[in-house]
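Hi,

Here is the structure I promised to pass on.

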Amino acid sequence: MKIIILGAGQVGGTLAEHLAREENDITVVDVDGERLRELHTRLDIRTVTGPASYPVVLRQAGCEDADMLIAVTSQDEVNMIACQVAHTLFRTPTKIARVRATAYLTRKGLFAHDAVPIDVLISPEQVVTDHIRRLIEHPGALQVLEFAGGLVQLVAVKAYYGGPLVGQDLGFLRRHMPSVDTRVAAIYRRNRPIIPHGDTVIEADDEVFFIAARRDIRAVMSELRRVDRNFRRVVIAGGGNIGERLAEHLEHSHQVKIIEHGLERCTVLSERLNRTVVLHGSATNKRLLEEENIEECDIFCALTNDDEVNIMSSMLAKRMGAKKVLTLINNAAYVDLVQGGEIDIAISPQQATIGSLLTHVRRGDIVNVHSLRRGAAEAIEAIAHGDTQSSKVVGRAIGEIDLPRGTTIGAIVRGKEVLIAHDDVVVETGDHLILFVIDKRRIRDVERLFQVGLTFF
């Protein structure tokens, strides 16, 4: 595909890296020439320096024959105008834009073909907020992903020494829990992927990705590790968009406190939030954390815009007795460095956002994509179409499908029914298949599986 990315910031740069690896024709536009030069030396891409919404700049970037425009600059207005220009002057087929301000997002009918012509809206703050909310709802999980409207979840947990399943093979899980159907999609051991089989033995510190119907998730988690009690007391450091949205969602079911450095922002938060306690101060202030009884906190969420503040406040909170700490880290290089020590969960906002963008880039009928393991793997929800003549999957049992190396089918959703993918399950047209791909180089092969042959038409 020929794709133009507007904005070479963290999301734009990470997206260019993902898509360039997959042999797409990528052009990145930004006003920062130095940032573009740095991207150009690392990646096989074209770059254009200039304001992203100017018609002459978009023409220079090749908008006349582009398949897709992805506008992810830091300014909503630039992203919106760029999509309008691409639509009016160049008839670009697909236009994706990052829009952050709720003042725009809450207006019905604003983003439509005959208004502001944006085909797909991306709100990184909402994506990251939903990601954190799911982790708080599933204590002990490292990652929680939803498919088929929430009917199926893919959860990553760390297997702890002394856990019921450690030292046992995966076949034991099915024998031990005959009433709960689940499948282990992948195991990461010392950062290396293992394709699981019935005789694969789980070891302590393995990162286990398993898939199950939403209702069965907690039961399976209890087999892999001690189940943490539900989080009740939540402390949020940083009252920005993500902190505010998270507090708004949690305040009716949890005891929530927000620590915000800016006095003016504290006033705004106290007016907008109903039950949340808003505290003015720094999350790295030891005395403030002592006064607020941080040792009674179930989870401390560091969500400021400053990585160093997030890391330092999380480590301080953990040492002072917070049960769990969750840290937002913009610099992707820091994520692997800090997670698993004093910081329980480190979240990269770019990686959380990339999945929602990749959904629209994938070929075949792909309805959901989640980027995993800092971009090394992907979880994909694809819809099977056609018949036994035109499709490579319809009418075949899962054991008969020629899957690319490193790819597993975890589950099938048929209507409202969740079928865990065992070898004898036959795929029908219209089924939603949830796949786990540990090798990103195989993505194109996975897409081809779900492209319908000409006999279907």
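Let me start with the open sheet: six strands in the order E14-E13-E12-E15-E16-E17, with parallel pairing. The edges are strand E14 (277-280) and strand E17 (345-347); each has a single partner strand, so one side of each has no neighbour in the sheet. On average, neighbouring strands are turned by 15° against each other, direction ignored. Strand E16 (residues 324-328) runs parallel to E17 and is joined to it by three bridges, and Thr327 stands opposite Ala346 in E17. Helix H10 (residues 263-272) packs on this sheet, where it touches strand E13 (255-260) and E14, and its direction makes about 170° with that of E14.

For the terms: helices (H or I, at least four residues) and strands (E, at least two) are DSSP runs numbered from the N terminus, and two strands pair if DSSP finds at least two bridges between them. Contact means heavy atoms within 4.5 Å. Axes are lines fitted to C-alpha atoms, for helices over the stretch in contact, with angles from 0 to 180 degrees between N-to-C directions.

Now the cysteines: the whole structure has zero disulfides (cysteine sulfur pairs within 2.5 Å). The closest cysteine sulfur to that of Cys63 is in Cys83, 9.3 Å away and too far for a bond. Cys63 is buried (under 20% relative accessible area; exposed is over 50%, partly exposed in between; 1.4 Å probe, protein chains only), at 0% relative accessibility.

Please keep in mind that this is a predicted model: local features need pLDDT of at least 70, side-chain atom pairs count only at pLDDT 80 or more, and totals for chains, interfaces and linings use all residues. Residues are numbered from 1 along each chain as its sequence is written, and side-chain values use heavy atoms, leaving out hydrogens and water.

Best wishes
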